[in-house]
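Hello,

Here is the structure I promised to pass on. Please open it first, then read my notes below.

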Amino acid sequence: MKDSFFANTELIGLIGHPIKHSYSPFIQNYTMELMKLDYIYLAFDVPSENLKNAMNAVLALGLKGLNVTLPHKEKIIKHLDELSEEASIIGAVNTIVNDHGKLVGYNTDAYGIYETLVPFKDKITGSKVSVIGAGGSARAVIFNLLRHFKPEEINIINRTHQRADTLVNDFSVKMRYDAFHTFELFPPDNVGTLSTSKLIVNATTIGMFPAVEDSITDIDESFNEDQIVFDLIYNPAKTKLMETAEAQGAKVVGGMQMLISQAAKSFELWTGVEMPISEIIEKLEKYIIKSSSL
Ligand code: NAP
């Protein structure tokens, strides 16, 4: 870590609630040190009722920008001056740039999802896909699928049916797509929907540390060798869902690549400098092993 900080040091923050387990401070501070940039990145636990005050603080104290995480990615929008195209369509922001007093919101999760799925583009295009979840990340997944991958049909499976319907209505209008189907998350009923999907994406918090034994389904028949299963969760690196799907021959991908790619894009927006991704992944993996053994 840096020896000292001086009057010119720029501050970047992360706001969320809770915030304790985030890897972003490690990723960003390590990269800034590696690239010899005079920045520091700090995490702030900000409850929802303090979002407006937090934005005033960004402006008053001249922070360069922020990352925004759960549960604020949607609620933060009304406190910003401008949105990028993808943040506006998705309806969620995970990165803010303080552009000389104007707060501009971006969604770099979308870039992380694109980077993760692009190796499978040929398989996804023209196929049936299933997305579990209807929150901010599910919206970033749907944006990517429609903008870059052109699936034939998208199933949205969510615990709260109303939220899935709202998502479908929004994207039908914003991106002019009408091949959506919505289902409630109820594993015995979802087998047919999942087993006929070429891509299955988990964009829920189910299976995330510490509830690592949970899964959106443990029904083996949901999976097969002709599928890609992408779980956005990065802790644990291999979720219960990924274990079940892999045992049935599916190709599985976790959320680590997305985590690094979204961080790299945010870093670039604040500093104009490219993140050396492979070096950071190597360092982060060591950090995760070390911090989970403490
Ligand atoms: P969110 O907006 O809060 O949405 C959460 C989703 O999970 C909703 O669909 C919610 O369903 C569902 N859910 C939560 N608890 C549930 C339960 N007990 N049973 C059934 N469904 C449940 O969160 P988000 O920002 O989209 O994040 C979703 C996941 O993506 C998280 O695991 C997060 O860690 C991961 N993520 C990863 C990265 C990365 O870089 N790899 C980046 C962002 C997010 P309801 O609508 O019914 O509440």
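**The parallel sheet**

Strand β8, residues 153-158, runs parallel to β9 and is joined to it by five bridges. One of the pairs is Ile 156, with Thr 182 as its bridge partner in β9. Bear in mind that this is a predicted model.

Those two strands belong to an open sheet of six, with parallel pairing. The order is β9-β8-β7-β10-β11-β12. β9 (180-184) and β12 (251-253) are the edge strands. Each has a single partner, so one side of each has no neighbour in the sheet. On average, neighbouring strands here are turned by 15° against each other, direction ignored.

Asn 98 has Leu 103 as its bridge partner in β6.

**Backbone points to check**

As a reminder, most residues other than glycine have a negative phi, and most peptide bonds are trans.

- His 100 is not a glycine, yet has a positive phi of about 50°. The residue sits in the loop between β5 and β6.
- The peptide bond from His 17 to Pro 18 is cis, with omega near 0°. Pro 18 is in the loop between β1 and α1.
- Leu 70 and Pro 71 are also joined by a cis peptide bond, with omega of about 0°. Pro 71 belongs to the loop between β3 and β4.

**The largest pocket**

Leu 70 comes up again here. How much space lies in the largest pocket? About 1,400 Å³. The lining has 44 residues. Closest to the centre are Thr 69, Leu 70, Ser 137, Thr 205 and Met 208.

By class, the lining divides into 19 nonpolar, 19 polar and six charged residues. β3 (65-68), α6 (136-149) and α10 (256-271) each supply at least two residues of it. The largest share comes from α10, with three residues.

**A helix pair**

Besides supplying part of the pocket lining, α6 packs against helix α7, residues 161-175. Two packed helices are described by the angle between their axes and the distance between the axes. For α6 and α7, the angle is about 35° and the axes are 11 Å apart. The crossing is right-handed.

Which residues of α6 and α7 make the contact? From α6 come Ala 138, Arg 139, Ile 142, Phe 143, Leu 146 and Arg 147. From α7 come Thr 166, Leu 167, Asp 170, Phe 171 and Met 175. By class, the contact has seven nonpolar, one polar and three charged residues.

Best wishes

Methods: Residues numbered from 1 in each chain as written. Predicted model: local features only at pLDDT ≥ 70, side-chain atom pairs only at ≥ 80, totals over all residues. Heavy atoms only, no water. Pairing = 2+ DSSP bridges. Helix = DSSP H or I, 4+ residues; strand = E, 2+ residues; numbered from the N terminus. Axes fitted to C-alpha atoms, helices over the stretch in contact; angles between N-to-C directions. 1 Å grid on protein atoms, 1.4 Å probe; cavity = no way out; pocket = protein on both sides within 12 Å on 5 of 7 lines; lining within 4 Å. Points joined across faces, edges and corners; volume = space filled by probe spheres on them. Nonpolar A, V, L, I, M, F, W, Y, C, P; charged D, E, K, R; others polar. Left-handed = near helix turned anticlockwise from the far one by under 90°. Contact = heavy atoms within 4.5 Å.
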